[in-house]
Amino acid sequence: MKLKTIILNTFKEAVRGKIFLIILGFAIVLLVASKVLIPLSLGEERKIIMDIGLGGISIFGILLAILIGCQLVYNELERKTIYFVLSKPVKRETFIIGKFLGLLLTLLVVVLILSIWFYIILFWLTKLHPISLLIAIFLSFLELIIVTALSIFFSTFTSPTLAAIFTFFLFVIGRLASDIQLLASKIKEPISHFFLQLVYYIIPNLSNFNVRGRVVHNEIISHNHILFSVAYALIYTIILLLLSCEIFKHKDL
């Protein structure tokens, strides 16, 4: 019950925030703007709309996860509401998990709203509603889970600004993970090779979840890839949450 209360309070706080409304508004405008590009599409309007829509859902979801997630713990400390919460029989680990799940619930609602709106726009302009797009959206949400866990992790020991910078940096590097591995395989110098390999295995490999281009071009995403992505997201997220709980448990409040 305590965990449920923290989840719902976090969700309500995020939904009421201006950041949520601004990003959601921009995302909807971006999807509608795809209609403007149709005259320039040279017969590729379906692919352009799909690419813009899927990209918009991913990008705005990431921004929301970073901007809200990196402030969750800090805001509780600033308002001193955390002392009231922890004065109850609530463990610090429960507080962190509740904040994470509350933000994840917010992101789920955002993704659902944008996905429905995306399908409406796509059907309105092309009369198509391919189910395969749901795979790309699902994998994007798995990516959001990891980014949310990253933002919560950094927020437990640093300021919101630094937490946002660190999370965004890891998101960008994570999207380039496959390129880092390729670069490491071509470098023969032992120290550089070892360093790049270490970076590759430590950072979140977010390239696994970016299948937008493949889906837009009607490539089949295998079940093995989907199952691996689910397992990877769960394991990486659990590790981050365990670290976050451990850091917050020993934080001097």
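Q: Let's start in the middle. What does isoleucine 146 touch, leaving out residues up to four places away in sequence?
A: Isoleucine 146 touches Pro204, Leu206, Phe209, Tyr232, Ala233, Tyr236, Thr237 and Leu240. Keep in mind that this is a predicted model.

Q: And which residues have the most contacts inside the largest nonpolar core?
A: Those are Leu107, Leu133, Ile146 and Phe209, in a core of 73 residues. In soluble globular proteins, nonpolar side chains tend to be buried together.

Q: Which element gives the largest share of this core?
A: H7 does, with 15 residues.

Q: Step back a bit. How many helices and strands are there?
A: The protein has 12 helices and 0 strands. From the N terminus on, the order of elements is α-α-α-α-α-α-α-α-α-α-α-α.

Q: What share of the residues is buried?
A: Of the 253 residues in the protein, 45% are buried.

Q: And what part of the contacts with a separation of 6 or more is between residues 24 or more positions apart?
A: Such pairs account for 79% of those contacts.

Q: Now cavities. How many of 30 Å³ or more turn up?
A: A search of the whole structure finds 1. The largest cavity holds about 60 Å³ of space.

Q: What lines the largest cavity?
A: The lining consists of Leu54, Ser58, Ala136, Ser140, Glu143, Arg175, Phe209, Asn210, Val211 and Arg212. Helix H3 (45-69) and helix H7 (133-155) are the elements that give two or more residues to this lining. The largest share, 3 residues, comes from H7.

Q: What follows H6?
A: Lysine 127 does, and its phi is positive, near 65°. Lysine 127 is in the loop between H6 and H7.

Q: Is lysine 127 buried or exposed?
A: Lysine 127 counts as exposed, because its relative accessibility is 57% and the cut-off for exposed is over 50%.

Q: On to serine 178. Where does serine 178 lie?
A: Serine 178 is in helix H9, residues 177-186. Its relative accessible area is 36%, so serine 178 is partly exposed.

Q: What is serine 178 in contact with, neighbours within four places aside?
A: Serine 178 is in contact with Asn205 and Ser207. Serine 178 and tyrosine 200 are 22 residues apart in sequence and 8.0 Å apart in space, C-alpha to C-alpha.

Q: Where is asparagine 205 found?
A: Asparagine 205 is in the loop between helix H10 (190-202) and helix H11 (212-216).

Q: Why does asparagine 205 count as buried?
A: Because its relative accessibility is 8%, and buried means under 20%.

Q: Which residues does asparagine 205 touch, leaving out those up to four places away?
A: Asparagine 205 touches Gly174, Ala177, Ser178, Tyr200 and Tyr232.

Notes: Residues numbered from 1 in each chain as written. Predicted model: local features only at pLDDT ≥ 70, side-chain atom pairs only at ≥ 80, totals over all residues. Heavy atoms only, no water. Helix = DSSP H or I, 4+ residues; strand = E, 2+ residues; numbered from the N terminus. 1 Å grid on protein atoms, 1.4 Å probe; cavity = no way out; pocket = protein on both sides within 12 Å on 5 of 7 lines; lining within 4 Å. Points joined across faces, edges and corners; volume = space filled by probe spheres on them. Core = buried A, V, L, I, M, F, W, Y, C linked by side-chain atoms within 4.5 Å. Buried < 20%, exposed > 50% of the residue type's maximum accessible area, 1.4 Å probe, protein only. Contact = heavy atoms within 4.5 Å.
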